[in-house]
Amino acid sequence: MTDDASVVRRRAAAVLQAGAALRTASVEERAHWLAQAATALAHEVHGKRSELSEATALSVPMVEWAARTTLATIVEDAMLGLARQAQRGSHRMRSPISMLSVILAGNVFTASVRSVIVPLLFGVPVLVKASSKETLFPAMLRDALVQTDSRLGAAIDLVVFPGGDVECEAALAELAEAVSVYGSDETVAAIGARLGDTPLIAHGHGVSVAYCGPDALDDAHVGNTIADLSLDICAYDQRGCLSPQVVYVAETVSWSAADFARRLAQEGLAPMSKTLPRGRLPLSVGANQAQWRGIAEVEGTLIAGDTYAISVRDTQPIRWSPGFRNVTIAPVPGLDEALRAMKPIGSNLKCIGTDSASLPELQARLADSPAFSAYACTIGTMQTPSLDALADGHSIWHGLFQN
Amino acid sequence: MTTRAVFKARIEALISSFEAGERVEPAARDGLIDDLAAWQATRIPEYGRLQRRGVWPPALPTDVFRFRRIAAHPVEEDRRVFRSSGTTSAERSVHAYCDLGLYDLAARIAAQHMLFPDIDDMRLIVLAPHEEDALDSSLEYMLARFAEWFGTGCTWVWRAGKLDLELLTKELRTAEASGKPVAVLGTSFAFVHAEDGLGDQRFELAPRSRVMQTGGYKGRSRQVDREVLLRAISVRYGVPSRWIINEFGATELSSQMYETTLREDIDGSVGPRRLWVPPWVRATPVDPDTLQPVEAEAVGILRIDDTANLDSVCCIQTSDLAKRIDDGIAVLGRAPGATPRGCSLAADQALGAL
């Protein structure tokens, strides 16, 4: 079921109009409502886990994990902290924009949470164009907001239309002061070209990687490293831009990258295929997976399980996997070489996960290097970004205030 | 006799026995594939690195041909090197041959069986470049051999890097007037470009005329639904749709598969449109996780074990989605995101569509 341009236009007008009422509420009130809605939604997810699994092609345990960990970030304290951060910045005297339109991709179903909650927190009403592949969760989110408070509920709505429908796209954008777009670089560029003067908040193609320094592999830490890394790889079946595609491993006297890969497979990915099973593999992805795995075997070492595979190979050239728990482990002498290997990824690199011991140095190096817009975090948290985590090198409220 | 010579003789014997009208037992073919693959694993290090999963030898992904030379012989012994026409990647598939004997044998016998089963030779009109203008194209090589083997005359209507619509029209009108059947052979792209350029001209080619189209659209140019193109060609050239067949080939393979309808029509039988798999080839949709055959008519990714690939690797894993239909295969297209490749792209490049 899709909406035509007249429906999109009508909903946009209604959402825009609701913005004024939303802004009469204080940020504290809005944070309270949003937290309430997140709690309510978490309960709803449990009841609809099978439908969500069907809609997202993720397994039921993965759906529940993803919703739980994402909604857990929507708490009043965190939102008020975010509001304070925004006020401390240059946005203090500026008003929020009158309306935001959001075009979602379908790869990570919980992406709608931050992209809806944050604007609403700042008093910006939102019209969401859901991926035609996945409308259930965004609809549940909207319903939870509607049921929490009428002012909040009126300031959010959802539309569905096929990608590339220029008339609907124009209707989506014409009343918005900014349009936030998630998708491939081609999609984002094409929409940007059609938007004209409307500011675009681009969330294009992104990949993430991880770096395990020498401490991550010592006896005291390797167990946690394996558990954390496995979660980062398996979460959302490695379909999102925060999923590590390549793990750079600093080899030590006692550990080769291949040794580490074998333990990661046996002690991390294999058990996780039971606790957080992979969803169904689309055949088109499967075809790419077969090619990627074959090349991995030819060019290095492949460690394959039922629903995962690790390619142990040199840092260059990078052979991007199709996701779905196909990951590369590349040996490096240390952080310098890892950063050098990441450099060609450029602005497409979104996040670098690392062990706690390596985090301060990595953060410092990223801050000093204009070649990177990625942020660093500890492994095990790559797929559960905090509410205030950077998005594409910008603060999460980027584009939500008038210039 | 060298091991290579022994294998070549076994393969020739298998293919030739089919030509002689003998039944080729699948067990004989499978035994040959097993033996050949084991020997190839010792000659080609890239293939030797693949691990066996299940009872069949491992299949080498087609993408490996883009990154590595897959040949048992040294470069100096290359007699012909075929390259795929993909340009989305700088790395094109490369398949080097030191000996085209098996390629020729397989191509001739498959075409005779499926494309020219009723006739020794006929006039050919080819909507593709001449071999000399595309020396690294396996399709152009094959079409040039068809001209030698099956052509009473052949006109390449692709001249100076473009489809010569005037020449095509003249050839078709001449064929019409002669009352003799012709074979029109070309890439899917070229047929689309002919559709775009021929306007409202219609032709009534003589009965027993036939059309062979090959290649996909690579996601790089105007795409036409397969059924729509089939109907358009039928109306344009006056050829019954069952006499319009698709040929499936690939740079990484030495054998071709053909749709069954023309042959069935000649034999007086009727069946669903599907690809005939030559008996010296094993074509199997496999599960992408296990790489084992899928059940019944489920969709899988197509593995092709081509015994005519003597000096490279006979077991090939493609990115094409496919399913079994009766005794044949239906190829449902290439997986999105897979490297577009194939001969029909060369034609489109020449037309400046990229």
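Predicted model: local features only at pLDDT ≥ 70, side-chain atom pairs only at ≥ 80, totals over all residues.
Where are the edges? As one example of the pairing, strand β2 of chain A, residues 126-129, joins β3(A) in the parallel sense over four bridges. Within that pair, Val128(A) stands opposite Leu158(A) in β3(A).

Chain A has a further sheet to consider. Seven strands of chain A form an open sheet in the order β8-β9-β10-β7-β6-β11-β12, and here the pairing is mixed. At its edges stand β8 (301-304) and β12 (375-378) of chain A; each has a single partner strand, so one side of each is left without a neighbour in the sheet. From one strand to the next, the twist averages 25°.

Inside this sheet, strand β6 of chain A, residues 207-212, pairs with strand β11 of chain A, residues 349-354, in the parallel sense over five bridges. Val209(A) stands opposite Ile352(A) in β11(A).

Helices lie across these strands as well. Helix α14 of chain A, residues 335-342, lies across β6, β7 (244-250), β10 (326-332) and β11 of chain A, and runs at about 130° to β10(A). Helix α15 of chain A, residues 359-368, lies across β6, β11 and β12 of chain A, running at about 175° to β12(A).

How is chain A divided into domains? The assignment gives domain 1 as 5-203 and domain 2 as 207-378. Their centres, taken over C-alpha atoms, are separated by 30 Å. Nine residues from domain 1 of chain A and 10 residues from domain 2 of chain A take part in the contact. On the side of domain 1 of chain A that touches domain 2 of chain A, seven residues are nonpolar, two are polar and none is charged.

I turn to chain B, which has 11 helices and 16 strands. Its radius of gyration is 20 Å, close to the 20 Å that the globule rule gives for 354 residues, so chain B is as compact as a globular protein of that length. The C-alpha trace of chain B spans about 55 × 45 × 40 Å along its principal axes. Of the 354 residues in chain B, 51% are buried.

Chain B is divided into domain 1 (3-88 + 278-328) and domain 2 (103-276 + 339-350). The centres of these two domains of chain B are 25 Å apart, taken over C-alpha atoms. In their contact, 30 residues of domain 1 of chain B meet 31 residues of domain 2 of chain B. Among the elements that give two or more residues to the domain 1 side are α1 (3-19), β2 (80-83) and β15 (315-325) of chain B. By class, that side has 13 nonpolar, nine polar and eight charged residues.

Asp136(B) lies in the loop between β4 (122-127) and α6 (138-150) of chain B. Leaving aside neighbours within four places in sequence, Asp136(B) is in contact with Val81(B), Phe82(B) and Arg83(B).

Finally, where do the two chains meet? The contact takes 22 residues from chain B and 15 residues from chain A. On the side of chain B that touches chain A, β1 (60-61), α4 and β15 of chain B each supply at least two residues. β15(B) gives the most to that side, with three residues. By class, the residues of that side divide into 13 nonpolar, four polar and five charged.

How values were computed: Residues numbered from 1 in each chain as written. Chains lettered and ligands numbered in written order. Contact = placed C-beta atoms within 7 Å. Domains from an automatic or database assignment. Nonpolar A, V, L, I, M, F, W, Y, C, P; charged D, E, K, R; others polar. Pairing = 2+ DSSP bridges. Axes fitted to C-alpha atoms, helices over the stretch in contact; angles between N-to-C directions. Rg over C-alpha atoms; globule rule 2.2 N^0.38 Å. Buried ≥ 20, exposed ≤ 12 C-beta atoms within 10 Å, placed from the backbone.
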